[in-house]
Amino acid sequence: MSAATPLVDSVGRCIDYLRISLTERCDLHCAYCHPGRRTAPPARDVLTADDIVNIARAALGVGICRFRLTGGEPLLREDLEAIVARLTALPGLADLSLTTNGQQLAGRAQSLAEAGLMRVNISLDSLDAEAYSAITGGGNVGAVRRGLEAALVAGLSPVKINVVLFSGAVLERDDIAAFAELVQRRPVHVRFIEAMPTCDHVGYLAASVVLDRLRRLHNLLPVPGPNGAGPAQYYRLGDSSGTVGVITPISSPFCSRCNRLRITARGELKPCLFSPASIHLLPALREADPVPHIAALITEAVAAKPPRYGDVAEASVIRAMHVIGG
Ligand code: SAM
């Protein structure tokens, strides 16, 4: 398929970005994301590597050229490197990134980079071992720190860190100072993200609280994002190697700049994170020549994309992010 014209929705947003969830399974149980243990779907109901490649081929054909692999925890897929290699071989692919909790990244950053992965976002809600373990239901912060260093050594760039701001977070002053110290030493980009209302955990901490605390510690210089325009506003702390950023889906929604679609590990195409609407791709994916049909369904999802999440959110609650793909 040749390079397509940009895919523009009903309110003029250019949709060029697709997040694909590779699995609902996760080896952590973060308080705001995966509070219950949910039965994973049988393998026949989960996207295969062939399905993912066919989705990407269809997406590229209609103008979507940037992809993120997420989950669940994508590193639980043993075929992750093979998927990455097949995706990066597709003509027209402009960006391929991964979101991971970093628990197993130290041993796989190099093989992922060699397969063609370009960059990585690592979730790390606290630098304090006890707090991290409490938030994640037993995660090992040392493993994430080793994964972060392995990602830098492997040349994955930029390396971004996601810190979710939820109301029960143990984000005390020392923790913010510790993240500030990290970006001063290492070329990483720490983004504080207001928790979106999933499951029963609707409380969020406003990003402005974090910025106020950071301002008391450092001079904040607004800078462009490490890879162009995204929803985050970034700051350098004095002459720090890295940056801090804030993402404000609750206190200052950025729907007017939304450029993405999502596909769950069960093959549901979602026009908006908050919308209950979805288009089931699995039947089309199992056809003999699925790409044209999938391309048509992607175009349909873009046409159905709501202008604002407030127009579609049901009781302001979305399903757990490990199901949809964060
Ligand atoms: N397992 C991987 C990880 O932990 O990064 C990928 C999946 S996780 C669902 C993707 C991202 O979504 C993580 O950075 C996570 O912190 C974020 N996330 C999950 N629930 C969220 C919520 N309610 N609000 C904001 N971000 C959330």
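The shell around the ligand divides into six nonpolar, ten polar and two charged residues; here Ala, Val, Leu, Ile, Met, Phe, Trp, Tyr, Cys and Pro count as nonpolar, Asp, Glu, Lys and Arg as charged, and the others, Gly among them, as polar. This is a predicted model, in which local features need pLDDT of at least 70 and side-chain atom pairs count only at pLDDT 80 or more, while totals for chains, interfaces and linings use all residues. Residues are numbered from 1 along each chain as its sequence is written, and side-chain values use heavy atoms, with hydrogens and water left out.

**Around the ligand**

- In total, 18 residues surround the ligand, each having a heavy atom within 4 Å of it; the closest are Gly-72, Glu-73, Ser-123, Asn-162 and Met-196.
- Taken alone, the ligand exposes 550 Å², and the protein buries 95% of that (Shrake-Rupley method, 1.4 Å probe).
- β3 (95-100) and β5 (159-165) are the elements that give two or more residues to this shell; strands are DSSP runs of E, at least two residues long, and helices are runs of H or I, at least four.

**The sheet**

- Twelve strands form an open sheet with mixed pairing, in the order β7-β8-β9-β6-β5-β4-β3-β2-β1-β10-β11-β12; strands pair if DSSP finds at least two bridges between them.
- β7 (220-223) and β12 (279-280) stand at the edges with a single partner strand each, so one side of each has no neighbour in the sheet.
- β3 pairs with β4 (residues 119-123) in the parallel sense over four bridges, and Thr-100 stands opposite Ile-122 in β4.

**A cis bond**

- The peptide bond from Ser-157 to Pro-158 is cis, with omega near 0°.
- Pro-158 is found in the loop between α5 and β5.
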